[in-house]
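Dear colleague,

Please find below the structure that I am handing over to you. My notes on it follow directly after.

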Amino acid sequence: MKQGVLLLAHGAPERLEDVASYLTFVRGGRPASPRIIEEVERRYQAIGGSSPLLAWTCVQAEALELMLGIPVFFGMRNWHPFIRETMDQVRDAGLERIAAIAMALQYSELSVGLYIRRTEEARRDAGVAAEIRWAASFHDEPLLIEAFAEKLEPVAAGRKVLFTAHSVPEKSLAGGTDPYDRETRATAAAVAARLGLADWEFAYQSQGLTDDRWLGPTVESCLDRYAAAGLREVVVYPVGFVCDHVETLYDVDVVFREYGAARGISVIRPEALNGSATFTAALAEGAKRCL
């Protein structure tokens, strides 16, 4: 049986000129307001004008292909190469079974659930006959926890650690069945346990530019509390992302560092997983279970 792997990622603009179009895809076809476009362009400008998400996803896919010895494809939900574009390659490769892994570590209907729906739509449109088996969530995959621990350990000793994940609107969890909040906190707890951390907490970052109520606590509220307690160093460690992109390079490295500095706190961020060999091994384990 001819098998392969399909990695699904969010996608991000590689040029400032693409921000407006990118935001339209993120918003399901609804154009963003000039205010939002200007704000997002400013953020990308602050990190050099583009996101490294595509480059890192390519690195991760190539490493996984080398480790497994089978084809590995990747598609983006909101930018090129779109999932639909990648499905043409999957069809032409003649695969019979595909392990599909969304590069969102914890399951939410707004993230992994949407990846699944978009992929199934693209498969039908492209005429792909292969069976798709989903690794719907691997928030507690042992090798994933190890990969995070490897990056965190060099800077964690003797410091407060604040784990983070991307916030979502509170209304998306209103039914009580979406496991996102439980899984994000479980990932943080597992990494903390692996390193024997005694002084750690969890918060949500990157709340959206909407009027919705978003999951908290916010990182800013935690930094306020730490400053009042006299802390002078905090490690902020996102455990919901698999590589560097605007939510690490801007939200953490620019916004939280400036916010902390204004309150006498030095904010330290460990390296993202990026090209971690241990993370590649975690992906391989997830794929092998599917196949």
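Which residues touch the most other members in the largest nonpolar core? They are Leu7, Leu152, Phe163 and Phe279, in a core of 64 residues. A nonpolar core here is a set of buried Ala, Val, Leu, Ile, Met, Phe, Trp, Tyr and Cys residues joined through side-chain atoms within 4.5 Å. Buried means under 20% relative accessible area, exposed over 50%, and partly exposed in between (1.4 Å probe, protein chains only).

Before going further, please note that this is a predicted model, in which local features need pLDDT of at least 70 and side-chain atom pairs count only at pLDDT 80 or more, while totals for chains, interfaces and linings use all residues. Residues are numbered from 1 along each chain as its sequence is written, and side-chain values use heavy atoms, with hydrogens and water left out.

Helices (H or I, at least four residues) and strands (E, at least two) are DSSP runs, numbered from the N terminus. A second, separate core has 21 residues, including Phe73, Ile83, Ala102 and Trp134. As for Phe279, its contacts (heavy atoms within 4.5 Å) include Gln60, Met103, Phe138 and Val242, when residues up to four places away in sequence are not counted.

The sheet E2-E1-E3-E4

Four strands form an open sheet in the order E2-E1-E3-E4, with parallel pairing. Two strands pair if DSSP finds at least two bridges between them. At the edges are strand E2 (72-76) and strand E4 (131-134), each of which pairs on one side only. From one strand to the next, the twist averages 25°. Angles run from 0 to 180 degrees between N-to-C directions, and axes are lines fitted to C-alpha atoms, for helices over the stretch in contact. Strand E3 (residues 97-102) is joined to E4 by four bridges in the parallel sense, and Ile98 stands opposite Ile132 in E4. Helix H5 (residues 112-126) packs on this sheet, where it touches strand E1 (3-9), E3 and E4. The direction of H5 makes about 175° with that of E4.

Helix H11 (residues 277-290) lies across E1, E3 and E4, running at about 140° to E3. The axes of H11 and helix H3 (residues 53-68) come within 9 Å and cross at roughly 60°. Among the residues that meet are Leu64 and Met67 in H3, and Phe279 and Leu283 in H11.

The sheet E6-E5-E7-E8

The order E6-E5-E7-E8 describes an open sheet of four strands, again with parallel pairing. Its edge strands are E6 and strand E8 (266-268), and its twist averages 30° from one strand to the next. H6 packs on this sheet and touches E5, E7 and E8. Strand E5 and strand E7 (residues 233-238) pair through five bridges, with Phe163 opposite Tyr237 in E7. Six bridges join E5 to strand E6 (residues 200-205), and Leu162 has Glu201 as its bridge partner in E6. Six of the seven residues of E5 are buried.

Not counting residues up to four places away in sequence, Ser167 touches Tyr204, Gln205, Gln207, Trp214 and Leu215.

With kind regards
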